[in-house]
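Reader: I'm new to this one and would like to go through it step by step. Could you show it to me before we start?

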Amino acid sequence: MDTPTNHQDEQVSDDAISKPSYRKAEFLTSAAKVSQCPDDSGWEVAFAGRSNAGKSSAINSLTQNHKLARTSKTPGRTQLINFFTVGEQQRIVDLPGYGYAKVPQKLKQDWTRQMEAYLRERQSLRGLILLSDCRHPLQPFDQQMLGWAAEAEMPVHMLLTKCDKLSKGAGKQTLLKVQGKVAHLGDLVSCQLFSALKHQGHGEIGRASCRERV
Ligand SMILES: Nc1nc2c(ncn2[C@@H]2O[C@H](COP(=O)(O)OP(=O)(O)OP(=O)(O)O)[C@@H](O)[C@H]2O)c(=O)[nH]1
Ligand SMILES: [Mg+2]
């Protein structure tokens, strides 16, 4: 992935930003390419992660609207960059998933290019929520995103998803292990367990919102 430009250049003043209201989320628009994205003003937080990691489900759980983002058992469901408003000049973004083998090569290359362009060029992007299945966290794609975020000094809050699939003890162990592996990135990266199925982890993501605007 190319090195991005610094997104902090045109900071929206803190006064202009209130806490996002996930429950008021509304679909805004979909974009197949960066040129189709909505006006690049205000701020937005993007949900990124491998295909099937649970990005769309997490958005639906957080917004308490199970019809907002399309979810599917079949990986590769989200093929467009989907924007949702969560307040005045505030958006959350559902990105297409990485790493789904069955998508034709040409399409995969197009998505990758558009996603990289989005991450590199989008001035209003203020933070990433990086979702990773807690049963196999920190896959190469996740590492790549973390490396990119570190270079861009972009805050990342990791959701270790589907934690309902692990026992409490195993979940805790996974969290500690992942925290240890990202510790070298300092305050830029935080992690938590999350379950869209059980709506578990909303409180923590709210606290991350205050700290990192995610
Ligand atoms: N058990 C469990 N299953 C989940 C959870 N979150 C998502 N899933 C399931 O995982 C599958 C993929 O979920 P999606 O939310 O569509 O995943 P995605 O990351 O948006 O996938 P793409 O759009 O393909 O990138 C679906 O079958 C969901 O029901 C969870 O917290 N627990
Ligand atoms: Mg999706």
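Predicted model: local features only at pLDDT ≥ 70, side-chain atom pairs only at ≥ 80, totals over all residues.

Reader: What is the phi of His199, roughly?

Author: His199 is not a glycine, yet its phi is positive. The value is about 50°.

Reader: Is His199 buried or exposed, and why?

Author: Count the other C-beta atoms within 10 Å of His199: there are 12. The cut-off for exposed is 12 or fewer, so His199 is exposed.

Reader: Asn52 has a positive phi as well. Where is Asn52 found, and is it buried or exposed?

Author: Asn52, with phi near 80°, is found in the loop between β2 (43-49) and α1 (55-63). Asn52 has 22 C-beta neighbours inside 10 Å, and a residue needs 20 or more to pass the cut-off. So Asn52 is buried.

Reader: Which residue in β7 is the bridge partner of His157?

Author: Strand β6 (residues 156-161) pairs with β7 in the parallel sense, over five bridges. The partner of His157 in β7 is Ser190.

Reader: And which helix makes a β-α-β unit with β6 and β7?

Author: The unit is right-handed, and β6 and β7 are its strands. Its helix, residues 168-182, is α4.

How values were computed: Residues numbered from 1 in each chain as written. Chains lettered and ligands numbered in written order. Pairing = 2+ DSSP bridges. Helix = DSSP H or I, 4+ residues; strand = E, 2+ residues; numbered from the N terminus. Right-handed = clockwise from strand over helix to strand, strands pointing away.
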